[in-house]
Amino acid sequence: TIPKTQWAQVLEKKGELPVYKEIPVPEPGPDEVLVKLRYTGVCHTDLHAMNGDWPLPEKDNLVGGHEGAGVVVAKGSLAQGIEIGDHAGIKWLNGSCLSCEFCKTADESLCPDALLSGYTVDGTFQQYAIGKAAHVSKLPKEVPLDAIAPILCAGITVYKGLKESGARPGQTVAIVGAGGGLGSLAQQYAKAMGLRVVAIDGGDEKKAMCEKLGAEAYIDFTKSSDLVADVKAATPDGLGAHAVLLVAVSEKPFQQAVAYARSRGTIVAIGLPAHAYLKAPVFDTVVRMISIKGSYVGNRQDGVEAVGFFARGLIKAPFKTAHLKDLPEVFKLMQEGKIAGRYVLEIPE
Ligand code: 8ID
Ligand code: ZN
């Protein structure tokens, strides 16, 4: 039976840590399902939401979180394609209109009426969460619900970003922020897609992790005296990376990436540092034919494919586990850049 109240982490005041408290269990609408969550990842986006970093208004008394994995326990009368008892994931894209041009052409993350989990609607830092049936990810039952949680945002996002980069097997991708949640998964997806990885991040714990994940080189941005030269030197012919995946939460690499991107290369901006700008020299961008683009989560099929890579055993990124009540401590570590990989929170039964 579904209880009337549940435990949740609630952002009562912007800029302050969430409060662990009891709130009502929501009821699914006709086109929605209710998922009893077992695990949720903690994405840096959740910290941006707490800090009010972005020019996008968020819900009051927000329950954050958008990497939730659990079991469907109730569904509305119009909810199709997913049944009670199915394992399901709740993603950043909680719902979209399904009828605008973007939704019709499988760019539903661009839907002007998209509902965002843990941002414009309550997310996964609670025991029971709502998702639109059309958008929840159906998860294979043999997949562990803790390890799959980070795939639901970080995994899908980096998989999509790598596809958007156009990099082909055998080519080199520089991953900037490789030691974080998105970056660690990006290394695994890149490898599974036949790409060679140059990892860029800071500190020895992240170095050890990146080397384990299969990076051919690790460049420490806190120690390198010439980052551009070091990245280029780490590519087989010294001419730079075919693709650059920017998943760091600082502006500097967004200004710098053109310098170590290979001619004809593509820079994919994914990280969302507050108030940051992309800046590139026009001359180099033109005469070296550099492409610079953004990439924003993925569509439903990207989700199916990203989960599929994981289910086939191709994606193994380290994660640390804590309890839902420990979210404030995880946010503090994340703010300090001290997390190698991802934190996954266990949600009490
Ligand atoms: O759809 C999207 N575009 C999308 C989806 C999900 C997340 C975008 N994001 C955004 C988040 O909002 C956040 O801004 O991607 C960014 C990365 O999220 P994350 O991986 O969850 O953050 P993290 O685990 O804190 O990792 C960030 C890493 O960047 C490194 C840090 O050391 C950390 O390991 N880093 C920083 I900060 N500055 C760096 C630099 N100058 C750097 N690495 C290399 N060079
Ligand atoms: Zn996320």
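This short talk walks through the structure shown above, from the annotated region to the sheet, the ligand and a few single residues.

The model is predicted, and therefore local features need pLDDT of at least 70, side-chain atom pairs count only at pLDDT 80 or more, and totals for chains, interfaces and linings use all residues. Residues are numbered from 1 along each chain as its sequence is written, while chains are lettered from A and ligands numbered from 1 in the order in which they are written.

I begin with the record. An unreviewed UniProt entry carries the annotation "domain: Enoyl reductase (ER)" for residues 15-345; positions follow the numbering used here, feature names are shortened, and annotations may be inferred rather than shown by experiment. Over residues 15-345, the chain is 28% helix and 26% strand, and the end C-alpha atoms lie 21 Å apart. Helices (H or I, at least four residues) and strands (E, at least two) are DSSP runs, numbered from the N terminus.

I turn now to the sheet. Six strands form an open sheet in the order E13-E12-E11-E14-E15-E16, with parallel pairing; two strands pair if DSSP finds at least two bridges between them. Strand E13 (217-220) and strand E16 (291-294) stand at the edges with a single partner strand each, so one side of each is left without a neighbour in the sheet. From one strand to the next, the twist averages 20 degrees. Axes here are lines fitted to C-alpha atoms, for helices over the stretch in contact, and angles run from 0 to 180 degrees between N-to-C directions.

Within the sheet, strand E14 (residues 241-246) and strand E15 (residues 261-269) run parallel and are joined by five bridges. Leu245 has Val268 in E15 as its bridge partner. Helix H4 (residues 154-165) packs on the sheet and touches strand E11 (172-176), E14, E15 and E16, its direction making about 145 degrees with that of E14. Helix H5 (residues 181-192) also packs on the sheet, touching E11, strand E12 (196-201) and E14, and its direction makes about 170 degrees with that of E12. Contact requires C-beta atoms, placed from the backbone, within 7 Å.

How well covered is E15? Seven of its nine residues are buried, where buried means 20 or more other C-beta atoms within 10 Å of a residue's own, exposed means 12 or fewer, and partly exposed lies in between, with C-beta atoms placed from the backbone.

Next, the ligand. Of the 32 residues around ligand 1, those that come nearest are His44, Gly177, Gly180, Leu182 and Ala248; a residue belongs here if its C-beta atom, placed from the backbone, lies within 6 Å. Helix H1 (44-51), H5, E12 and helix H8 (252-260) each give two or more residues to this shell.

Finally, some single residues. His87, in strand E6 (residues 87-90), is buried, with 20 other C-beta atoms within 10 Å. Leaving aside residues up to four places away in sequence, His87 touches Val71, Leu139, Lys141 and Leu145. Leu98 has a phi near 70 degrees, a positive value in a residue other than glycine, and lies in the loop between strand E7 (93-95) and helix H2 (101-104). Because Leu98 has 14 C-beta neighbours inside 10 Å, it counts as partly exposed.

Notes:
Two residues are in contact if their C-beta atoms, placed from the backbone, lie within 7 Å.
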